[in-house]
Amino acid sequence: MVTNFFSLEKSEFELKQSFLEFANMCYKHHLKACEILKENEISDAIVTEMSLKKTKAKDKKRDIKDDCIWIISKDQPRSNHLRFIVAILYSSRDLERIAEQAYNIVWYSRRIWLLTNNKLSKMLKDIVIKSLENSNLFFKSMLEIFKSDSDYSKYLEEVKTLVSNCRSEYKSILSNALKKVSLSSASQVDFIFSFSIVMKYIDRTIDHLWSIFDNLLTIRNRDE
């Protein structure tokens, strides 16, 4: 079968648009999570809403996977096109995890939010919100890069700087927080456990965004 390059290019364009829609969806999930954390209370209804968003992201990833398989079976892509499809497949998995982390951040934060008048609770809430805001700024910058043309190599130094700055700020916030924490009771231990989990999910979001860029760079750009 002769490869239909026009059909293949059209399929690639549509696949990238679908991927960008997915990335934007996950970004909005994290913005929503940040809005939720700024409220005094995290209700069961809010947690359920975020769970539904997580399920929607899983469905989107499945649709993209199906589209990738369809392109491979229909157009018999050559090496450079196949690498693009593989990059999208890997990156969609990262996006699904990012959506899950938005839900997990809200779920574990609810434990911290329970004692609104507790001094430790207030401090940890402020730290979580600040860290998530920083992560979302990084997410926004990465979205703009994902939307750009396919020569992702020209953004490498910019992305490295963004990651370095984000990690530096994250470590500074976490270090200062731990200096102020005193584990004087079992309830505080539970708070710190929840706080640590939330902060790890924020950190993992940065990891997944870097992984997506790395996929697009090392897989998609390998022979361009």
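A salt bridge here is a side-chain nitrogen of Lys or Arg within 4 Å of a carboxyl oxygen of Asp or Glu. Keep in mind that this is a predicted model. With that cut-off, Asp207 and Arg204 qualify, their side chains meeting at 2.9 Å, N to O. Both sit in helix H6 (residues 186-220), three residues apart, or about one turn of the helix. Asp207 is partly exposed at 21% relative accessibility, and Arg204 is partly exposed too, at 30%.

Searching the whole structure turns up 14 salt bridges. Another one joins Lys160 to Glu157, with the closest N and O atoms 4.0 Å apart. These two are three residues apart in helix H5, so about one helical turn separates them. Lys160 is partly exposed at 41%, while Glu157 counts as exposed at 53%.

Glu49 and Lys32 make a salt bridge as well, at 3.9 Å, N to O. This one ties together distant parts of the chain: Glu49 is in helix H2 (residues 44-75) and Lys32 in helix H1 (residues 5-37), 17 residues apart.

Now for how helices pack. The axes of H4 (residues 119-146) and H5 (residues 156-179) come within 10 Å and cross at roughly 175°. Angles over 145 degrees count as roughly antiparallel, so that is how H4 and H5 run relative to each other. Residues making the contact include Met123, Ile127 and Phe138 of H4 and Leu162, Val163 and Ile173 of H5. By class, this contact has eleven nonpolar, three polar and three charged residues.

Key. Residues are numbered from 1 along each chain as its sequence is written. This is a predicted model: local features need pLDDT of at least 70, side-chain atom pairs count only at pLDDT 80 or more; totals for chains, interfaces and linings use all residues. Side-chain values use heavy atoms; hydrogens and water are left out. Axes are lines fitted to C-alpha atoms, for helices over the stretch in contact, and angles run from 0 to 180 degrees between N-to-C directions. Helices (H or I, at least four residues) and strands (E, at least two) are DSSP runs, numbered from the N terminus. Angles under 35 degrees count as roughly parallel, over 145 as roughly antiparallel, 65 to 115 as roughly perpendicular and the rest as oblique. Contact means heavy atoms within 4.5 Å. Ala, Val, Leu, Ile, Met, Phe, Trp, Tyr, Cys and Pro count as nonpolar, Asp, Glu, Lys and Arg as charged, and the others, Gly among them, as polar. Buried means under 20% relative accessible area, exposed over 50%, partly exposed in between (1.4 Å probe, protein chains only).
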